[in-house]
Every structure is written in C-alpha cells, then in structure tokens.
Amino acid sequence: MSLKALTILGSTGSIGASTLAVVQRHPNRFRVFALTAQHNVEAMLVQCLAYKPRYAVMLNEQAAEQLAGRLKAVDVETEVLAGPAALAQVAAHPDTDYVMAAIVGAAGLLPSLAAARAGKRVLLANKEALVMSGRLFMDAIRESKAELLPIDSEHNAIFQCLPSQGGKQGVERILLTASGGPFRQRPLADLYTVTPEQAIAHPNWSMGQKISVDSATLMNKGLEVIEASWLFASPLEQIEVVVHPQSTVHSMVAYNDGSVLAQLGNPDMRTPIAYALAWPERIESGVAPLDLFAIARLDFEKPDLARFPCLELAYEAHARGGFATIALNAANEVAVQAFLERRIGFMDIPRLIRDVMKLADAGTPVQLEDMIIQDQVSRSASSSWIKNNTAL
C-alpha cells in the first residue's frame, strides 16, 4: 500500500489537530505533505518538528518569517510559504493526494476550491465553501473527478447511511441532528444577556470559538442544511433538523419503506476524519467505543425557531439563492466576531444577519469574482450595522 500524501488546511485548529492524531496512528498509510495556519507560530513549529512536512504555510507573512527562522535554527528543511496564494498552491500541488479543508469561514473557500479543481480527495470540514459557492464547487468536483468526503459529523453520518451503491434510491428525508447547544433550555429572555464565555461552553463537543457560537445560535446547523442540500443534491423540504441533546446519533436517513438508518458514536471528530481518510475502508481512530448503557436514553425534539432564529434565516437564504447565502455567511462571521469582542449582544447576531441579507440580490452568482464581491459588500454592511447598532 502506497503512502497517501496529506495537506491539512488549518492544521493548528481542532479539526487539524484531530486529523494529525489519526494520521499518527497510521504511519504506514499517510504522510504529511503540507501544513497551514493563520498566525500560530508556536503550534505550527511543534507540528513541523513532529511531522516534517515539505511545506508549511502561514497566512500571516510576519508569522511565516518567524517560523522560517525557528525551523532554520533547529535544522528542519520544511519550506515556509506565506499568503493566500500559497494555501491554494499546496492544496493543488501534484504531489499531494488528500486535502483536509479545515480553515474556518470564507478564508477556506479558495484553497478548498483549488483542491477540488486539481482532482484531489477533498475532506471537507469547511462548510462555508459550499454555503458560498455550492454550484461552482460541486461542478469543480464533477469536472475534475475529485473525491468529496464530508467531515462534519452530521454529513459524514448521512454519507454512511445513504445507499452503498451511490445515488439516493428510496431516500425520503435527511434528518440532521443538532445538540441544541448550551442554551437549549435557558429562558428566552435570558439570551439577551449571555456572555461569550457561556456561548462557547458547548455541552458535548470541543470546538473553536466561532463554531461554538454558531452551535449556540444554531447557525451552524443552518449552514449544515445548506451544505447538505449541495452535497446530497437534496431540496430544502427534504432536509429536517432534529434537536438531539446527547449528540450520540449524528444524523439519520429516512427511506420510503419506513426504515430510518442512523449513525451513532461518541462525539469525537476523529471518527469522521478516520472514515474519510480511509474510505471505502475503515481504520482505527482512537475514539472510545460507544457505551449505550452509559448513555441510557436518546431524546429528540423540534428546534424552537423563536430561540434559534438563525436556523430559519439559513433556510430562507438558501431558498433565495447564492447571493443571499453568501450574505448570510459573511454577516454571521462578522457578527460572531463582534459578539466575542463584546461589541454586540448574543441576540444581535440574528438581527444583524437578517438586515444584511435584505441587501443581497436574489439568485445565484456563477462567477467566483461575483461571489467575492458579495462577500465583501456584506462584510462592509455588517461592520456599518455594528458601528451604528441600528437596522439598515
């Protein structure tokens, strides 16, 4: 078996670290070709010393200079590159086989798209790539004959539950599970005063700050609805969100004969990562076996849209088209960062998104340049909203 060369976009984040933990268990199957990060020099240095990739890319040029100096001092031959173009370069490099697309937010779109166009096996953990450019991205996958494996635990679960021969024979519904986050049972009036520390304290998963806030607002699930629609060529009415606080059932597929297939497991991202790395085989991931007796019960409930307006906004945006979903994503990224910096309140997040979405045209852009322009315009409008703290 030949070693598969792996590029990890966003290697110092939680998904990147989990990917390296799986790779470390299988040195005879995988080797690290390139690692990328934004500006965390210390974490990247540790990873380069451990895995000795051919390339290390830092988005921040000053961080790249620091890393290069540190690696030279310890005589590590990893070549350090800098900037967005270098991300796309290592993602599409002819010597890499698999690309873990784990950069959070819109910043991950261009290198993920570069990997798709280059015909790689794309392990997609960056849901924003499909939220922003679903049609363009899926066309690139088809035209280049790339392999697209979803890493989000929910989409990975759906992938596992769909017919093994491909297609969607007999599929009636896709059931996306959501934990409900830390505020599922908190009085609605109290949500206006929650703090960033409370919002990032997810009850089940260990994640970065941005995705943890998205989980608290259920925007994460809204983005996943849009992602599922593109990944599995499913209309919105076929995709249903189910709140499942135990995070044990990762998602389900309902069939026309009455069967419902579910994928269960402990809430640990190493499971879907290992599945996507080895597909169609299965390899050991390091995740503890699921103890159903310890869990004892599985609860399911409908999402409360008054508590989670971001979920409804995501459905609305996808129904309107790609301009609206780009605005949704851009406004959400700006709003979440402002909330983490205590410049707006938790319940201002959906207010800001709704107002910025109103400014987006109907329909879907077909050119990447138009997508980038819509993203920039929506970010600017979001910043103006925060500055004025009034409806646009």
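Predicted model: local features only at pLDDT ≥ 70, side-chain atom pairs only at ≥ 80, totals over all residues.

Biologist: How many cavities of 30 Å³ or more does the structure hold?

Modeller: There are three cavities of 30 Å³ or more, and the volume of the largest cavity comes to about 60 Å³.

Biologist: Which residues lie nearest the centre of that largest cavity?

Modeller: Those are Ser153, His250, Gln263, Thr271 and Pro272, out of the 13 residues that line the largest cavity. Helix H7, residues 153-161, and helix H11, residues 270-278, are the elements that each give two or more residues to this lining, and the largest share, four residues, comes from H7.

Biologist: And how does the lining of the largest cavity divide into nonpolar, polar and charged residues?

Modeller: Eight of the residues in the lining of the largest cavity are polar, four are nonpolar and one is charged.

Biologist: Switching to open space, what is the volume of the second largest pocket, and which elements give two or more residues to its lining?

Modeller: The second largest pocket has a volume of about 610 Å³. Helix H6 (128-144), strand S7 (147-150), H7 and helix H10 (219-231) each give two or more residues to the lining of this pocket, with the largest share, four residues, coming from S7.

Biologist: Which residues lie nearest the centre there, and what is the split by residue type?

Modeller: Of the 24 residues that line the second largest pocket, Phe159, Leu162, Gly167, Leu231 and Phe232 lie nearest its centre. The lining of the second largest pocket divides into 15 nonpolar residues, six polar ones and three charged ones.

Biologist: H7 has come up for both spaces, so which of its residues are buried?

Modeller: In H7 the buried residues are Ser153, Glu154, His155, Asn156, Ala157, Ile158 and Cys161. Because seven of the nine residues of H7 are buried, the helix is largely enclosed by the rest of the structure.

Biologist: What do those buried residues of H7 pack against?

Modeller: They pack against S7, strand S8 (171-178), H10, strand S10 (249-255), strand S11 (260-264) and H11.

Biologist: Now the annotations: which residues does UniProt list for "binding site"?

Modeller: The UniProt entry, which is unreviewed, lists Asp152, Glu154 and Glu224 under "binding site". These residues span 73 residues in sequence, yet no two of their C-alpha atoms are more than 8.4 Å apart, so they gather at one spot.

Biologist: Is Glu154 buried or exposed, and what is it in contact with beyond its sequence neighbours?

Modeller: Glu154, which lies in helix H7, is buried, with a relative accessible area of 10%. Leaving aside neighbours within four places in sequence, Glu154 is in contact with Leu176, Thr177, Lys221, Glu224, His250 and Ser251.

Biologist: And where is Glu224 found?

Modeller: Glu224 is found in helix H10, and Glu224 is buried, with a relative accessible area of 1%. Beyond neighbours within four places in sequence, the contacts of Glu224 are with Lys127, Asp152, Glu154, His155 and Leu176.

Biologist: Where does UniProt place the C-terminal domain feature?

Modeller: The unreviewed UniProt entry places "domain: DXP reductoisomerase C-terminal" at residues 264-380. That span is 58% helix and 1% strand, and the C-alpha atoms at the ends of residues 264-380 lie 41 Å apart.

Biologist: What about Asn332, buried or exposed?

Modeller: Asn332, in helix H14 (residues 322-340), counts as buried at 0% relative accessibility. Apart from neighbours within four places in sequence, Asn332 is in contact with Lys210, Asp214, Met219, Ile349 and Ile353.

Biologist: Last one, what is the relative accessible area of Glu240, and which side chain does a polar contact of 2.9 Å join to it?

Modeller: Glu240, in strand S9 (residues 239-243), is partly exposed, with a relative accessible area of 27%. A polar contact of 2.9 Å joins the side chain of Glu240 to that of Arg173, and Arg173 is also one of the residues in contact with Glu240 when neighbours within four places in sequence are left aside, along with Ile174, Leu175, Leu176, Lys302 and Tyr315. From Glu240 to Gln374 there are 134 residues in sequence and 28 Å in space, C-alpha to C-alpha.

Notes. Residues numbered from 1 in each chain as written. Heavy atoms only, no water. 1 Å grid on protein atoms, 1.4 Å probe; cavity = no way out; pocket = protein on both sides within 12 Å on 5 of 7 lines; lining within 4 Å. Points joined across faces, edges and corners; volume = space filled by probe spheres on them. Nonpolar A, V, L, I, M, F, W, Y, C, P; charged D, E, K, R; others polar. UniProt positions renumbered as here; feature names shortened; annotations may be inferred. Buried < 20%, exposed > 50% of the residue type's maximum accessible area, 1.4 Å probe, protein only. Contact = heavy atoms within 4.5 Å. Polar contact = N/O pair within 3.5 Å; in protein donor to acceptor, adjacent residues only side chain to side chain.
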